[in-house]
Amino acid sequence: ALLRTEFPLYWYTGQIVAIGLKTKDADIVFYRDNEKHLDESAIINMFWKYITDNLTAHVGVTYNGKAFDVPYLYGRSALLGITPPIDIITRRYWHRDDNHWDLYETLGSKSLNFWCSVFDIPNDDTLTGKDIPKLFRQGKILEIVSHVTKDIQKINILASKIKDFPR
């Protein structure tokens, strides 16, 4: 039990609290909600179903998703007995046929907030991923949802600013 609370950065010891994505029309965040009986397994299943039903022909854009988010999502899915319905490409170096563009790989090893300041992207989010475990323990799920939503928006704006960069 100690590992699950003290080492949240590893998929085999942490948990997923929220998963966010941007569509043409909206920012969507699937998040754990005890009142609605949405646990980690439920939100992962909701995410995979949404992706399968709506976004399979599109390119997903992440920030450090190849090294962190996608392996974490696949690892948690495996531990919970959930079979991912699609393969999100995590190979190094983007190819035009890939369904995943990682901005971290394109820009280099600085934080998302760093690149937001370089590209003059508004950023009023004072939280980082490091804050999520503490907020979760404190039951502050809506603060986590707000952070995830702001990250989605920053990633979207950053992607639009560098869309012509070589990948």
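Tyr10 lies in the loop that runs between helix H1 (2-6) and strand E1. In this predicted model, Tyr10 has a relative accessible area of 42% and is therefore classed as partly exposed, since that class covers values between 20% and 50%.

Tyr10 also belongs to a nonpolar patch on the surface, together with Leu9, Trp11, Tyr12, Phe68, Leu79 and Leu80. The accessible area of these residues together is about 680 Å².

## The largest nonpolar core

The largest nonpolar core comprises 17 residues. Within this core, the residues with the most contacts are Ile16, Leu21, Ile44, Phe47, Trp48 and Leu73. At least two core residues are supplied by each of strand E1 (18-22), strand E2 (27-31), helix H2 (40-55) and helix H3 (65-79). Helix H2 gives the largest share, with six residues.

Which residues does Trp48 touch, leaving aside those up to four places away in sequence? Its partners are Leu73, Tyr74, Ser77, Ile82, Pro84, Pro85, Ile86 and Ile88.

## The second core

A separate core of 12 residues is also present, and includes Leu107, Leu112, Cys116 and Ile162.

## Val118 in helix H5

Helix H5 spans residues 112-118 and contains Val118. Is Val118 buried, partly exposed or exposed? Val118 is partly exposed, because its relative accessible area is 45%, a value between the 20% and 50% limits.

Val118 and Asp25 are separated by 93 residues in sequence. In space, the C-alpha to C-alpha distance between Val118 and Asp25 is 27 Å.

Terms used
Residues are numbered from 1 along each chain as its sequence is written. This is a predicted model: local features need pLDDT of at least 70, side-chain atom pairs count only at pLDDT 80 or more; totals for chains, interfaces and linings use all residues. Side-chain values use heavy atoms; hydrogens and water are left out. A nonpolar core is a set of buried Ala, Val, Leu, Ile, Met, Phe, Trp, Tyr and Cys residues joined through side-chain atoms within 4.5 Å. Buried means under 20% relative accessible area, exposed over 50%, partly exposed in between (1.4 Å probe, protein chains only). Helices (H or I, at least four residues) and strands (E, at least two) are DSSP runs, numbered from the N terminus. Contact means heavy atoms within 4.5 Å. Patches are made of residues with over 30% relative accessible area and no salt bridge: like charges are joined within 9 Å, nonpolar side chains (Val, Leu, Ile, Met, Phe, Trp, Tyr) within 5 Å. Accessible areas come from the Shrake-Rupley method with a 1.4 Å probe; for residues, only the protein chains shown count as cover. A salt bridge is a side-chain nitrogen of Lys or Arg within 4 Å of a carboxyl oxygen of Asp or Glu.
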